[in-house]
Number of protein chains: 2
Amino acid sequence: VTSNETIAALRRIVGDRHVTTGADIAPGHLADARMAMPEGEAPAALVCPANAAEISAVLKLCRSAGLAVVPQGGMTGLAGGAVPLPGSVAVALGRLSRIEEIDTAAATMTVEAGVPLEIVQRVADDAGFLFALDLGARGSCHIGGVTATNAGGNRVLRFGMMRDLVLGIEVVLADGTIVTSLNKMMKNNAGYDLKHLFIGSEGTLGIVTRLVLRLHPKPRSVATAFCGFAKFDDVLAFLGRARAELGGTLATFEVMWPEFYRIAIEEAGRRPPLPPAFACYVLIEMMGTDSARDPEKFAAFMEQSLDDRLIADAVVAGSEVQRGAFWHIRDASSEFSRGQGIPAGFDVSVPVGDIGRFVEDVAARLAAAFPDLRPVIFGHLADGNIHVEIRRIPDERARHDIEEIVYGATRDWGGSVSAEHGIGLVKKPYLAYSRTPEEIALMRTLKTALDPDNILNPGKIF
Amino acid sequence: VTSNETIAALRRIVGDRHVTTGADIAPGHLADARMAMPEGEAPAALVCPANAAEISAVLKLCRSAGLAVVPQGGMTGLAGGAVPLPGSVAVALGRLSRIEEIDTAAATMTVEAGVPLEIVQRVADDAGFLFALDLGARGSCHIGGVTATNAGGNRVLRFGMMRDLVLGIEVVLADGTIVTSLNKMMKNNAGYDLKHLFIGSEGTLGIVTRLVLRLHPKPRSVATAFCGFAKFDDVLAFLGRARAELGGTLATFEVMWPEFYRIAIEEAGRRPPLPPAFACYVLIEMMGTDSARDPEKFAAFMEQSLDDRLIADAVVAGSEVQRGAFWHIRDASSEFSRGQGIPAGFDVSVPVGDIGRFVEDVAARLAAAFPDLRPVIFGHLADGNIHVEIRRIPDERARHDIEEIVYGATRDWGGSVSAEHGIGLVKKPYLAYSRTPEEIALMRTLKTALDPDNILNPGKIF
């Protein structure tokens, strides 16, 4: 139970109209893209501070009042990491929305945590750069949120995850200390690297308030193809060749198994670039800097792969419209579960060489227990990241069994139960499937050292 | 004073012949490439364990005996990080020398910490891959040592620092816990990222025993040019253009100021590719995957830059011999201080856009205090990393004043007192020039949490 005095003190810190309680809290702050607070539960308050100093004061207050604090970005997460805990203080970062600087010589952008990803992308583009992180929720997710969850997305193969795009960080610690570490240099070995501690820690170690982002030169050429394969081993061999021949210009290598392709064509109504006759499909894209030579190079690479029968069939996009149609197939996944009943989705990674056998194993285990499920499988192959979507599970009781099957297989293949979505609340029961007791103990040591009173997003991750 | 019982117990753990004491300790274990133990001082023992289990037992023993432990790799460091402390137990990792696995599908190599960098490079090459880290000490430095110091080197621009080449890690903590986190996946968001905590922590948080390394495809083309510029601003503009046009194939961008070029030609006897008439010199190299098209692309890029008068003059290497001659100029820095008396060297970074003014400022401050010094300035420009070499300082008393000038200027320009060499003992007095009190306090929090008895490399970094 939160005393009225604490709410009044929060109002004094951030201003009356930036604290809401009870039914006044907008529903968007009670759920992320995957889960909502249980019905009947509510946070003590939603607080919208304007800057790091206010967040510092809020944290000091909550610490002395013994109140849990749940940091919130754009609420687009898929693991429940930003879903408020009952009786907690939700701290929404949306008012920290300034673009502070673009340094064109250093190729950096300094921003506050509440700026939406799409704005960061646009501002970078206007300045002649690429901000490389990209994912479906770009319009709503915050740059601070994708930092706290170390988001991945469509271009990890070429540019890395969010972790690889952050040069400097400012965080507020549980005791209210503001740690400003806004490094702009590619190289800085002066003591411990602190930013990586907070990136991907899902708001359990500190609240990210500012970032120095790394920008890349804008690509000047894009070449795209949609390929069909006779067997999965050919996909792996093709990936190896693409890496060797396209090098740093290989930007996308998305793989789709037949059930994915069937649904995209038959149910989602996409136009098929190839007949539905193959064991696997791949969307490959090259992003280069040479608009004159790159298309020719890509065409020669594709031709050779077809001549060598590595690829069974392929279409190279001849226009931006055709390229859009290829991506339209891949993006159909976002509609697969609509109107299908209760879905279940998995975001796992396994070592790249094992993916073929892993997928067969998962499919076989699921079929043995639930013959009618027909899992939809696709992923970012070069990153080892596989998504398994079950469009309709029999009922909520089946969820646990299905999770045990998929995460159990992931454990047995030495994989990770979370490739890019994080652990949050949703995957917490399965953390030990991918991390050893010693690793989890070390995570707890860090948590205890930085947040001894356990007020920052308590109960998330572990 | 170490009791004979402790030495005897160390012998029981690792075997008699793997413990040496007193005058039997090889001198190579008493100094790194920059500094030696003070005369008359010595470690209590040098211990050479065979594996993580033995290291765990050594750490438990030292902890209960209250003995400091100093981990040692190839002793090629430049900051004193591996120099033994008086009365400490030096733990040399050279016997952990196995290459455990190459996974060609995942493009990873699993190795023990004591493998020399050059062996890693060769084994990767034999398997058809590139292990991208490269630096002068490649034949002696250990892969574990370059991890503990987050080494940089010649290809950071293209492939990142050591931090970017590590996927998984095994470390022994101060209490003897072996944390095995040998992740092979590019994507793993299952809880905190633990590896980054240890990379670059200079042996103060744990002892690295095994690594999963990230391999890259082998480049298939190399194109190199040596360029002269009328003014430094042109160098920055040329860098921007090289990034935009060469993209991910730009591998090297080394800048040298006139005093560097003069010494390389006049004193070190290198053959000048260009007359000594320019304000700045740049060695640029492109590494690509297309042996047919890349040389032509590079030549066109260079021609355009000359036509636009961005470059004042340039030579493109027409053969491997000529390329070697260009690199011979750049590598002359390793001989500059020979026979010159007492040298002083600096490894700093500043935001790329400020480098020109920073270099002018440092040179002016040094000239005001020491008119005869003639600092030699060069660096990895795209990384913001500048080396300032003073070939001969007046005497040891002048060292402090010179350090204050160079590190003071670095602080004033918002730079880092250590771009790639680490802090160790040598730069410890200057850590606060680059990091805030809050950052250093957070480093101490981490140190205390992981090593409460302060036995791991105590007194290094801070």
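**Entry 1: Arg220(B) and its partner**

I looked up Arg220(B) and noted that this residue is partly exposed, with a relative accessible area of 42%. The model I am reading is a predicted one. Which side chain does Arg220(B) meet in a salt bridge? I found that the partner is Glu245(A), at 3.5 Å from N to O. Glu245(A) is likewise recorded here as partly exposed, with a relative accessible area of 24%. I then checked where the two residues lie. Arg220(B) sits in the loop between strand 11 (216-217) and strand 12 (221-229) of chain B, and Glu245(A) belongs to helix 7 (residues 232-246) of chain A, so this pair joins two chains.

**Entry 2: The search as a whole**

I asked how many salt bridges a search of the whole structure finds over all chains. The count is 74.

I next examined Glu267(A), whose side chain forms a salt bridge with that of Arg262(A) at 3.3 Å, N to O. Glu267(A) has 43% relative accessibility and counts as partly exposed.

**Entry 3: A pair within chain B**

I turned to Lys427(B) and Asp347(B), whose side chains meet in a salt bridge of 3.9 Å, N to O. The pair links distant parts of the chain, for the two residues are 80 residues apart. I located Lys427(B) in the loop between helix 12 (396-412) and helix 13 (431-434) of chain B, and Asp347(B) in strand 16 (residues 344-349) of chain B. Are these residues buried or exposed? Lys427(B) has 4% relative accessibility and counts as buried, because the cut-off for that class is under 20%. Asp347(B), at 1% relative accessibility, also counts as buried.

**Entry 4: A sheet in chain B**

Finally, I traced an open sheet of four strands in chain B. The strands follow the order 1-2-4-3, and their pairing is mixed. Which strands stand at the edges? I recorded strand 1 (19-20) and strand 3 (69-72) of chain B, each of which pairs on one side only. Strand 3 of chain B pairs with strand 4 (residues 89-92) of chain B in the parallel sense, over four bridges. I noted one facing pair here: Val70(B) stands opposite Ala90(B) in strand 4 of chain B.

How values were computed:
Residues numbered from 1 in each chain as written. Chains lettered and ligands numbered in written order. Predicted model: local features only at pLDDT ≥ 70, side-chain atom pairs only at ≥ 80, totals over all residues. Heavy atoms only, no water. Salt bridge = Lys/Arg side-chain N within 4 Å of Asp/Glu carboxyl O. Buried < 20%, exposed > 50% of the residue type's maximum accessible area, 1.4 Å probe, protein only. Pairing = 2+ DSSP bridges.
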